[in-house]
Amino acid sequence: MNSITVLPANLEHPESCEAILRLIEMYAQDPMGGGHALSPLVRENMIAGLKSHPTTRVFLAYAGERAIGVAVCFLGFSTFAAKPLLNVHDLAVEPEFRGRGVGKMLLAEVERKARELGCCKLTLEVLEFNETAVRTYKSFGFDPGQYAEETGRMLLFVKPL
């Protein structure tokens with residue numbers, strides 16, 4: 001297998017944009033990504049949306065010249081720490097490269113960038129039955145958030161608009 005490298009994506013580079021679209025489409029079609037193809041409207045507007053969002057950070061994992069994994073992240077802000085945080089919004093690896101540490105390599109680059117930006121933490125959401133992803137995230141140091149045992153763990157709530 002070719003060696004794996006992880007680099008920040010260049011959203012002005014057509015090949016990077018094509019890779020992001022292809023990898024997010026693959027993720028969306030996976031049962032753990034919703035199990036449905038992206039709509040034509042989403043495909044048409046995703047890259048422009050990522051470019052226009054001021055806190056976007058995207059990383060691509062490559063095996064040789066082929067993009068095989070993606071991490072789409074957005075900067076946020078922690079009011080309790082008065083510092084930025086970095087949220088991993090999407091993390092996806094092509095099926096044939098899963099189980100080879102590519103996800104952890106992407107997370108390592110995300111963490112490196114977060115530290116460089118002075119972030120206080122990384123955040124992400126994961127489906128509870130996505131056992132492979134949960135194991136990967138836990139082995140990388142992620143756990144359900146909790147301020148104190150008596151207050152319980154943090155939950156992600158969603159209200160579609």
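Guide: The largest pocket has a volume of about 1,900 Å³, where a volume is the space filled by probe spheres set on grid points joined across faces, edges and corners. A pocket here is an open set of points, on a 1 Å grid over the protein atoms alone, where a 1.4 Å probe fits, with protein on both sides within 12 Å along at least five of seven lines, and lining residues have an atom within 4 Å of a point. This is a predicted model, in which local features need pLDDT of at least 70 and side-chain atom pairs count only at pLDDT 80 or more, while totals for chains, interfaces and linings use all residues. Residues are numbered from 1 along each chain as its sequence is written, and side-chain values use heavy atoms, without hydrogens and water.

Of the 49 residues that line the largest pocket, Leu124, Glu125, Val126, Leu127 and Tyr137 lie nearest its centre. Strand 4, helix 3, strand 5 and helix 4 (131–139) each supply at least two residues of this lining; helices (H or I, at least four residues) and strands (E, at least two) are DSSP runs, numbered from the N terminus. By class, the lining comprises 24 nonpolar, twelve polar and 13 charged residues, with Ala, Val, Leu, Ile, Met, Phe, Trp, Tyr, Cys and Pro counted as nonpolar, Asp, Glu, Lys and Arg as charged, and the others, Gly among them, as polar.
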